[in-house]
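I opened the model to follow a few elements through their packing and pairing. These are my entries, in the order in which I looked things up.

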Amino acid sequence: MTQADDFRFMALALRLAERGLYTTDPNPRVGCVLVKNGEVVGQGWHEHAGEAHAEIVALREAGSAAQDATAYVSLEPCCHTGRTPPCSDALIKAGVKRVVVAMEDPNPQVAGKGVAQLREADIDVDIGVMTAQAEALNPGFVQRMRHGRPFVRCKMAMSMDGRTALASGESKWITGEPARQDVHHLRARSSVIVTGIGTVLADDPSMNARLESKEVLQPARVILDSELKIPVNAKILTSPGRIIVCTTADAVKGNEEKIKILRTAGAELVQLQKENDKISLPALLMYLNAENFNDVLLETGATLNDAFLQAGLIDEMVIYMAPVLMGDAARGLVALPDISRMSDVCKLDILDVRAVGKDWRIVAKPVL
């Protein structure tokens with residue numbers, strides 16, 4: 001195989017992996033292609049946690065043709081037994097002669113051990129083909145495995161003069177239907193959506209992913225509610241998916257009847273420590289990490305957006321900008337404190353800008 005062949009077949013493996021964008025959580029999205037004599041003899045991707053990994057699907061399709069084939073895998077084959085057997089063992093048993101891996105698995109249970117096992121079986125292994133593209137498919141999984149913290153993406157919608165709602169609070173709809181549909185794709189690829197009680201009280205949202213595909217896993221919803229103000233008839237409590245109300249020990253006292261009603265409605269209640277009379281955001285992320293949530297989507301108001309931003313806990317911002325002007329009296333995007341020097345402004349690296357219908361989507365990374 002030439003280097004061009006390696007890139008071509010790895011690109012195919014990555015496209016296959018992307019098919020699991022909305023379904024594999026909490027597992028990473030992985031694709032595999034088996035090639036023999038320049039022809040694809042087997043391919044597959046991981047579809048759901050607990051089901052066959054990409055390598056196994058590809059090996060089943062290839063059958064005996066896997067003997068002496070080259071396997072292109074977007075993530076290092078696992079070498080431990082979880083809910084499924086090790087993929088490294090399956091590749092060895094199938095008799096593949098070469099394995100090309102996009103990136104090492106950051107999971108400490110694997111982390112180079114899969115590659116080492118393949119090499120010990122006299123299989124040629126090349127690692128590092130299209131690594132950046134492979135990592136981009138699994139930002140939350142990679143970050144959580146490497147740093148013990150989920151990837152936090154903040155979604156916001158604003159006018160061209162940086163406003164999110166009129167002074168009255170009215171905000172439906174700043175953006176057009178294509179942008180709103182794009183948000184549902186963001187939700188669908190997220191493990192969990194985090195919002196504040198202020199947003200629940202003001203808008204009574206459902207915050208579920210509304211896409212046509214029945215394969216979409218609904219993200220969990222987390223409501224930060226330090227005083228347990230959530231109405232027992234809030235729409236979010238009846239929408240599909242796991243609902244978690246994060247509150248404090250002080251709020252729980254004397255609220256036993258309301259807590260009983262919320263739990264009957266299917267909500268989970270979690271007590272987190274306070275910081276400055278609010279729920280501690282680091283404690284929140286520790287909890288989300290322990291729950292195996294890879295990708296967090298913030299859909300909050302200006303105050304909570306600012307709290308995450310000031311704490312350095314936002315990894316990426318997705319800002320939808322509509323071609324409208326709302327005026328000085330309208331509400332701002334982020335409740336930043338007064339800034340008197342240009343050296344203190346919040347700087348962003350722009351990663352992507354593109355049109356979504358008549359609106360613009362800006363993807364940016366805070367410069368910490």
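Entry on valine 99. I began with valine 99, which lies in strand β4, helices (H or I, at least four residues) and strands (E, at least two) being DSSP runs numbered from the N terminus. I noted that the model is predicted, that local features need pLDDT of at least 70 and side-chain atom pairs count only at pLDDT 80 or more, while totals for chains, interfaces and linings use all residues. Residues are numbered from 1 along each chain as its sequence is written, and side-chain values use heavy atoms, with hydrogens and water left out.

Valine 99 has 0% relative accessibility and therefore counts as buried, a term that I use for under 20% relative accessible area, with exposed for over 50% and partly exposed in between (1.4 Å probe, protein chains only). Setting aside neighbours within four places in sequence, I found valine 99 in contact with Ala71, Val73, Leu91, Leu118, Ile123, Asp124, Val125 and Asp126, where contact means heavy atoms within 4.5 Å. I also checked leucine 34, which is 65 residues from valine 99 along the chain, and the C-alpha atoms of the two are separated by 9.1 Å.

Entry on the sheet. I traced an open sheet of five strands in the order β2-β1-β3-β4-β5, with mixed pairing; two strands pair if DSSP finds at least two bridges between them. The edge strands, each pairing on one side only, are β2 (39-45) and β5 (124-127), and the twist from one strand to the next averages 15 degrees. Between β1 (residues 31-36) and β2, which run antiparallel, I counted six bridges, and valine 33 stands opposite glutamine 43 in β2.

Entry on the helices. Helix α1 (residues 3-18) lies across β1, β2, β3 (70-73) and β4 (98-101) and runs at about 145 degrees to β1; axes are lines fitted to C-alpha atoms, for helices over the stretch in contact, and angles run from 0 to 180 degrees between N-to-C directions. In helix α2, I listed Ala54, Glu55, Ile56, Ala58, Leu59 and Ala62 as buried, and the buried residues of α2 pack against β1, β2, β3 and α3. Just after α2, glycine 63 takes a positive phi of about 60 degrees.

How do α2 and α3 cross? The axes of α2 (residues 54-62) and α3 (residues 87-94) come within 9 Å and cross at roughly 25 degrees, and the two helices are therefore roughly parallel to each other (angles under 35 degrees count as roughly parallel, over 145 as roughly antiparallel, 65 to 115 as roughly perpendicular and the rest as oblique). The contact is made by Glu55, Ile56 and Leu59 of α2 with Cys87, Ala90, Leu91 and Ala94 of α3.

Entry on β15. Is strand β15 (residues 316-322) mostly covered or mostly open? I found seven of its seven residues buried, with Glu316, Val318, Tyr320 and Ala322 on one side and Met317, Ile319 and Met321 on the other. Seven bridges join β15 to β6 (residues 151-159), the two running parallel, and serine 159 stands opposite alanine 322 in β15. Five bridges join β15 to β18 (residues 359-366), and these two run antiparallel; isoleucine 319 has isoleucine 362 as its bridge partner in β18.
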